[in-house]
Amino acid sequence: MTEPESEFIAPLAQESTPSLIADKLRQAIAHGHLRPGSQLGEADLARKLGVSRGPLREGMQRLTQEGLLVSIPYRGLFVIELTPDDVRDMYLAREAIERAAARRILHSDHATAGDELLAIVTEMAATSDPDEIGEVDVRFHQRLVELADSSRLSRMHQTYLIETQMCVHALADSYAAPSDRVVEHHAIASAIRAGDLELTDKLLLAHMEDAVDRLVSRWDERPED
């Protein structure tokens, strides 16, 4: 049976670079179009992306270095499969990055940053589509780290957001209800806008712990492929 074409695995312009290829693959992994445990075939991907194997290999190597792909000797490259321990570890890393970013924001123009984050929360509240809410959720956390103006924090954060999206797509029914997500993100953005470092840190920590509890508690109940 022929698999349906994915918007993330579609031809690129000829001037495409390994960086663009890597980004296409990241998004395909994040949105479940390249599923956890699936093997990446060079010939098939090169055809779908409309690129030669050289840039494709370089793009895939970047994702291997980021930990999104794993190379198994004599078998090939595969999308990582996350375990409950991986989820806990991933959120631990996100927690450290986002709390550090928030501290930096709160020592600068926190009111402007808070307003920008509140605007994203308004977008989240304006839709009932679970996929769209998930995208806005990710954008909130991505923007929070970007507002810290630290290229290293943003670079580290990128991989963990992809892994977060993988979890959400795999265990969508265990994620927080839309109304809960709006309330939690609104509280975080409001605390940042108010310049309340202690409350912001407390809310971020609780937000991460709640996400881990929801995801891990449903792990063994996820539907089999």
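Y74 sits in the loop between β2 (69–72) and β3 (76–79). Helices (H or I, at least four residues) and strands (E, at least two) are DSSP runs, numbered from the N terminus. Y74 is not a glycine, yet its phi is positive, about 70°. Is Y74 buried or exposed? Y74 counts as exposed, at 89% relative accessibility. Here buried means under 20% relative accessible area, exposed over 50%, and partly exposed in between (1.4 Å probe, protein chains only).

This is a predicted model, in which local features need pLDDT of at least 70, side-chain atom pairs count only at pLDDT 80 or more, and totals for chains, interfaces and linings use all residues. Residues are numbered from 1 along each chain as its sequence is written, and side-chain values use heavy atoms, with hydrogens and water left out.

## The chain as a whole

The chain has 9 helices and 3 strands. From the N terminus, the order is α-β-α-α-β-β-α-α-α-α-α-α. Of the 225 residues in the chain, 42% are buried.

Contact means heavy atoms within 4.5 Å. Take the contacts in the chain with a separation of 6 or more: 74% of them come from residues 24 or more positions apart.

## Helix α8 and its neighbours

Helix α8 covers residues 178–194. It has 17 residues and reaches 24 Å from its first C-alpha to its last. That is close to the 24 Å expected at 1.5 Å a residue. The expected span is 1.5 Å times one less than the number of residues. After α8 comes G195, with a positive phi near 75°.

Which residues of α8 are buried? They are R181, V182, H185, I188, A189, A191 and I192. These buried residues pack against α4 (84–106), α5 (110–125), α6 (130–146) and α9.

## α8 against α9

Helix α9 spans residues 197–217. It packs with α8 at an angle of about 155°, with the axes 8 Å apart. Axes are lines fitted to C-alpha atoms, for helices over the stretch in contact, and angles run from 0 to 180 degrees between N-to-C directions. The angle makes α8 roughly antiparallel to α9. Angles under 35 degrees count as roughly parallel, over 145 as roughly antiparallel, 65 to 115 as roughly perpendicular and the rest as oblique.

The crossing of α8 past α9 is left-handed. That means the near helix is turned anticlockwise from the far one by less than a right angle; clockwise would be right-handed. From α8, the residues in contact include D180, E184 and H185. They meet α9 residues, among them L199, T200 and L203. By class, this contact has 7 nonpolar, 3 polar and 4 charged residues. Ala, Val, Leu, Ile, Met, Phe, Trp, Tyr, Cys and Pro count as nonpolar, Asp, Glu, Lys and Arg as charged, and the others, Gly among them, as polar.

## α5 against α8

How far apart are the axes of α5 and α8? They lie 7 Å apart, and the two helices pack at about 165°. That makes α5 roughly antiparallel to α8. The crossing of α5 past α8 is left-handed. Residues of α5 in the contact include L117, L118 and V121, while those of α8 include R181, V182 and H185. The contact has 11 nonpolar, 5 polar and 3 charged residues.

## Around α7

D149 is in the loop between α6 and α7 (151–170). Its phi is positive, about 55°, although D149 is not a glycine. D149 is exposed, with a relative accessible area of 63%.

T159 lies in helix α7. T159 is buried, at 8% relative accessible area. Leaving aside residues up to four places away in sequence, T159 touches E66 and L68.
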